[in-house]
Amino acid sequence: MTDVNTAGWRHGPPTSALARLDAPAAAVVILMSPLLGSVATGLIVAIAIVGWLRLFTLQRIVLPRPVWWTSVAFVGFFAAEALSGAANWNGLATLIELGENLVLLGLLPVYLLLSRDRAALLDFLLKAAPLFALAVLAVALVQSLVFGIRPEGGAGNPAVFAVTVAVLFAFTLANLARAPRGGELALAAVGIAAAGAALLLSGTRSLWPCLVVFPVLMWLATRRLRADAKRPLMLALAAMLVMSLAFGGMIRDRLEQARADLAASQAGQMQTALGKRLVVWQVAVEAIAERPLLGHGPDAPRRLMAERTGAIAGQPVIFNHFHDFVLNEMVRAGLVGTLALGAMLAVPLGFALFARRDATAAVGLGLLACFQAAFALSGLVGIMLDHDIMDAQFMAMTALCLFLLFGADAARPGPGVP
């Protein structure tokens, strides 16, 4: 079932028109997701369905071990939540929550639809990233300056918009690994600045560290590709410094709001953004102590908040999730589900860190580390999964990074470039 050398279609890559669209499709559903929102999710689901149909036509699948075990981790998470749902069955509510997890089962079918040369696929995406970043910034500026709202793109949620922009930002940084010169270098720098500015404009403070962390992660992953590897890092950090100065007033306002929320919470006023989080976190901790192994069921967050937050805050505080990915999963599926969630992050990253890497795989590692960091940072005080856009993007980005790391022409996994 598994093989460390080859992946994908056993008798060579498909030659259909659908197969030739893998790079444009990846650009649309990932790089354009800040603008498309749930439309990108629908496209990813459609691609996964096509992948499943193609999968059923194959007599034998040859996969690299990392892809196989990552697929097992994704199926394991679905199974863990299904087990919790069965143990805490609540009828249609449980069924709906489990149905929303189905997109995670698309990892393998989506991976198998990526058929072209890894370097060509990556080159297409990196060249497109600055252009998409400029389009995203334009929409963010219109929403902020014209409509007076925190930019949310097509997601309808500034926090989800920020995560998808952070992923786009990672691609604009990776574009520097191509060693662009002249006009291409200028466009690459503009793309970095545009994506960084859109991320700042989102007002999502938990994602702002990406502006500093991502350049470092990308440099660590790609530093052996070229002698002057520090130049892209310094260029990226310089672009971020310029953006920070340009949006200094907005940054100060958001940080001051956070300080005011903290002071209000200390005074017992719990109806601020931070205060509401403190309330639901308390509910989560108490609920976890009651059922630590399998949790209260995938549909439990809203139900428990509706039942318990009023006694703490004086009035109900109800969200779709607990604004912390560990607490949220512990409530949904207990320790079993939380370990399965961790495996979806740790398995592909672990294989990537200890595999031999060519230039394409090195960039793939950087993208994997950045996108996982974005989801983790979002999940610390907000949402990580259990949202249609987040779930679909998490699955699609994992599949793409696995292909860049371990696709058919990749080096054999094993001890390699540190």
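Reader: Why is His323 called buried?

Author: Its relative accessible area is 10%. Buried means under 20% relative accessible area, exposed means over 50%, and partly exposed lies in between (1.4 Å probe, protein chains only). At 10%, His323 therefore counts as buried. A word on the source: this is a predicted model, where local features need pLDDT of at least 70, side-chain atom pairs count only at pLDDT 80 or more, and totals for chains, interfaces and linings use all residues. Residues are numbered from 1 along each chain as its sequence is written, and side-chain values use heavy atoms, with hydrogens and water left out.

Reader: Where does His323 lie?

Author: His323 is in the loop between α15 (300-313) and α16. Its phi is near 55°, a positive value in a residue other than glycine.

Reader: What makes Asp386 count as buried or exposed?

Author: Its relative accessible area is 15%. That is under 20%, so Asp386 is buried. Asp386 sits in the loop between α17 (359-381) and α18. Its phi is near 65°, again positive in a residue other than glycine.

Reader: How do you know whether Val285 is buried, partly exposed or exposed?

Author: Look at the value: 48% relative accessibility. That falls between 20% and 50%, so Val285 counts as partly exposed. Val285 lies in helix α14 (residues 273-290). Val285 and Val331 are 46 residues apart in sequence, and their C-alpha atoms are 8.4 Å apart in space.

Reader: How many helices and strands does the protein chain have?

Author: There are 18 helices and 0 strands. Helices (H or I, at least four residues) and strands (E, at least two) are DSSP runs, numbered from the N terminus. Buried residues make up 53% of the 418 residues in the protein chain.

Reader: How do you know that the span of α5 is close to the expected one?

Author: The expected span is 1.5 Å times one less than the number of residues. Helix α5 (residues 65-87) has 23 residues, and the span expected is 33 Å. From first C-alpha to last, α5 reaches 32 Å. Its buried residues include Val67, Phe74, Phe77 and Phe78. They pack against α6 (92-100), α7 (107-113), α16 (325-353) and α18 (388-406).

Reader: What describes two packed helices?

Author: The angle between their axes and the distance between the axes.

Reader: Which residues of α2 and α4 meet?

Author: Ala25, Val28 and Val29 in α2 meet Ala40, Leu43, Ile44 and Ile47 in α4. Contact means heavy atoms within 4.5 Å. The residues of this contact divide into 7 nonpolar, no polar and no charged. Ala, Val, Leu, Ile, Met, Phe, Trp, Tyr, Cys and Pro count as nonpolar, Asp, Glu, Lys and Arg as charged, and the others, Gly among them, as polar.

Reader: Why is Phe161 called buried?

Author: Its relative accessibility is 0%. That is under 20%, so Phe161 is buried. Phe161 is in helix α9 (residues 158-174). Leaving out residues up to four places away in sequence, Phe161 touches several residues, including Pro34, Val136 and Ala198.

Reader: Which residues does Trp281 touch?

Author: Phe322, His323, Asp324, Leu327, Leu380 and Val381, not counting residues up to four places away in sequence. Trp281 is in helix α14. So we are back at His323, one of the residues that Trp281 touches within the 4.5 Å of a contact.
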